[in-house]
Amino acid sequence: MDAMEEELKCPVCGSLFKEPIILPCSHNVCLACARNIIVQTPEGETPPQNRCSSDYDYLDMDKMSMYSETDSGYGSYTPCLKSPNGVRVFPPALVHRHCSITCPLCHRSVSLEERGLRGLQRNRLLEAIVSRYQQSRTASVKCQLCDRNPVDATVMCEQCDVFYCAPCQQRCHPSRGPLAKHRLLPPAPAQAGTASARRQASCVDHEAENYGMYCVSCKTPVCYQCLEEGKHGKHDVKPLAAMWKQHKCQLSQALNGVSDKAKEAKEFLVQLKNLLQQIQENGVEFEACLVAQCDSLIEALIRQKAKLLTKVTKEKESKLKTVKDQITHCTMKLRQTTGMMEFCLEVIKENDPSGFLQISDALIKRVLVSQEQWVKGALEPKVCPEFALTVNTDPLMQSILQLDFTQNKAETSTVLPAPLLQLEKCCMRNNSATLAWRITTVQALLVEGYVLELDDGNSGSYREVYVGKETICTVDGLHFNSSYNARVKAYNSAGVGAYSKVVVLKTSDVAWFTFDPTSAHRDIVLSNENQTVTCNSYDDRVVLGTAAFSKGVHYWELSVDRYDNHPDPAFGVARINTMKDMMLGKDDKAWAMYVDNNRSWFMHNNSHTNRAEGGITKGSTVGILLDLTKHTLTFFINKQHHGPVAFENLEGVFMPAVSLNRNVQVTLITGLEVPKSIM
């Protein structure tokens, strides 16, 4: 659709203007449409322009016949009609009415004088433009300079009043020299002979008179008879031709400014179209890059999956080999023992006393030796069926779920402030640190979360220990007798802000801890604020401490409160995932000493070593020294070394551990410094 066509359509009927008239607000409507939108009220009522829009709604009134320029003032009732633009029409009553008209565009209402619509000027210029526009759509104009077979004209010179095709325009009317100032327009049939078709408009009040002057005050053309009647006697009146040229000049100057803006708009449209193409190309490239990155992550995960499966296979094969070897060994020993038992039974059946006595001593020794081969633990599996391999996929899954695009920092000019650590709310307890912070400026509204970082306790590199929206955080599991540096920063979708000032945190010199009810076997019974432990079962059950050690030297003791029927409790350290339903040290996740009233053994992975004389009774104390500087574990009974160094080459994280049954009760004693005699 031609861009100018919307300017040539009536806002009421939606069609091209027919006999357009100019409303006082400078908008135009068709004369017939103007008759349809007149509002009439009985004389004495509030005029429409002085009433609020709720007093009446002319869109809901029924249509009656309207006053035309030749009406006698009386009309008859007609059905309600609606224009193509949805504007209803309005009737006059049979009584004398006040008439007004409301502009359908700006909704400004004005009262009509006695002349009614005849008092409004007809827009002959707009009517002529509509006429030319209609002709331009139905006919073509031929070039006036072609010698033979004229072709369609492409331009028309406004000054020369000649139509040119493209070749003739380049040859006869080039855009250079004096002709450069000529205005070339698209050809329209109505432009041919427009000068001869023009006729001067006549005055509305004096139809025999043509307009010759222009009243600046009223902004309307007038004739000389209007001036003689004195209607514009005190107004500023100027010659019509002079004002015509002046206003044409003003409109041309205004058009130059609009033309510049239109040119900029066209260039901007070209820029936007180029932007569309760039976005399309960059989108395809970015999608391909994203797919490649995700495929790379998937391939890395598949490779890591293969490595983990290899480790599981090795662990499975190792356990199977251990069990098979134990089956072979046990089968051989059982065959030997069974054969010896059958032989001894046959010997006992014999009735030759002298012959029996010749071999009885040797047989008795063989039986005793065979009995010693079946010591405690020989009939217990060396490995457990569970696999001591755990894969924590939660952080990776969280990272995958949080995988998102990061906004380019260049796209934001807002800098997040550094959080302020609230030292009065920061505190240390044992090997736990609590930190609090805040942002005092209004920019806190821009913060989406915070990142808390701690170093490794040796002034090493920082690591993230908390990411979230909270402004307080407690960090557990720090090393004892260590100093940590902590800092915090804010972040949002645009990036991260500056770090806060660094605060130094000092953990406790010695370890204070209790037994952990959350990880203990269900048969374990804790009391005395989780410092005293016993058991409901005759079988050994394991309980761990709440502390975890990975560096430093640590010493704690256990006091034997009750010791009945000579049980053999076990004391030592373990990983957090050690088996809880068997004696401590039977799996490869625990290192322990089990002891009765006479002797003790060290045990790890169901291997019993270093039998030592000396046991425990009620009131005894068992001390455990975990030296992660030397990577050793040593035991003490009643403050005295018990046996050699139990275990060496200890690496990783260890938790205090005890296993016992219902015949034993012990109390944990922590916060102890390493005795000088031990050092």
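Let us begin with a pair of charged residues: the side chains of Asp325 and Lys321 come together in a salt bridge, with 3.0 Å from N to O. Keep in mind as you look that this is a predicted model. Why do Asp325 and Lys321 sit about one helical turn apart? Both belong to helix H6, and because they are four residues apart there, about one helical turn separates them. The two partners can also be described by their accessibility. Asp325 has a relative accessibility of 41%, so it counts as partly exposed. Lys321, at 54%, counts as exposed, because the cut-off for that word is over 50%.

Stay with helix H6 for a moment. The helix covers residues 240–349, and Leu275 lies in it. Leu275 is one of the members of a nonpolar patch on the surface, together with Phe268, Leu269, Leu272 and Ile279. Taken together, these residues have about 450 Å² of accessible area. Is Leu275 itself buried or partly exposed? With a relative accessible area of 40%, Leu275 is partly exposed.

Now back to salt bridges, of which the structure holds 19. One of them joins the side chains of Glu19 and Arg122, at 4.0 Å from N to O. This pair links distant parts of the chain, since the two residues are 103 residues apart. Glu19 is found in the segment before strand E1 (20–22), while Arg122 is in the loop between strand E5 (109–111) and helix H2 (124–138). Glu19 counts as partly exposed because its relative accessibility is 39%. Arg122 is also partly exposed, at 34%.

Another salt bridge connects Glu380 with Lys586, and here the closest N and O atoms are 2.4 Å apart. Which parts of the chain does this pair tie together? Glu380 lies in the loop between helix H7 (353–373) and helix H8 (394–401), and Lys586 in the loop between strand E25 (570–574) and strand E26 (590–595), so the pair ties together parts that are 206 residues apart in sequence. Glu380 and Lys586 are both buried, which means that each has under 20% relative accessible area.

Salt bridges can also join into a network. You can find one by looking at Glu5, Glu6 and Lys9, which are linked in this way.

Next, let us look for empty space inside the model. Rolling a probe the size of a water molecule over the atoms shows where such space is left. The structure holds two cavities of 30 Å³ or more. The largest cavity has a volume of about 40 Å³. Around it you will find Phe513, Phe515, Gly545, Trp556, Leu558, Pro656, Ala657, Val658 and Leu668. Two elements, strand E24 (553–563) and strand E32 (655–660), each give two or more residues to this lining. Which of them gives the largest share? That is E32, with three residues. By type, the lining of the largest cavity has eight nonpolar residues, one polar residue and no charged ones.

Technical notes
Residues are numbered from 1 along each chain as its sequence is written. This is a predicted model: local features need pLDDT of at least 70, side-chain atom pairs count only at pLDDT 80 or more; totals for chains, interfaces and linings use all residues. Side-chain values use heavy atoms; hydrogens and water are left out. On a 1 Å grid over the protein atoms alone, a cavity is a set of points where a 1.4 Å probe fits but cannot get out, and a pocket is an open set with protein on both sides within 12 Å along at least five of seven lines; lining residues have an atom within 4 Å of a point. Grid points are joined across faces, edges and corners, and a volume is the space filled by probe spheres set on the points. Ala, Val, Leu, Ile, Met, Phe, Trp, Tyr, Cys and Pro count as nonpolar, Asp, Glu, Lys and Arg as charged, and the others, Gly among them, as polar. Patches are made of residues with over 30% relative accessible area and no salt bridge: like charges are joined within 9 Å, nonpolar side chains (Val, Leu, Ile, Met, Phe, Trp, Tyr) within 5 Å. Accessible areas come from the Shrake-Rupley method with a 1.4 Å probe; for residues, only the protein chains shown count as cover. Buried means under 20% relative accessible area, exposed over 50%, partly exposed in between (1.4 Å probe, protein chains only).
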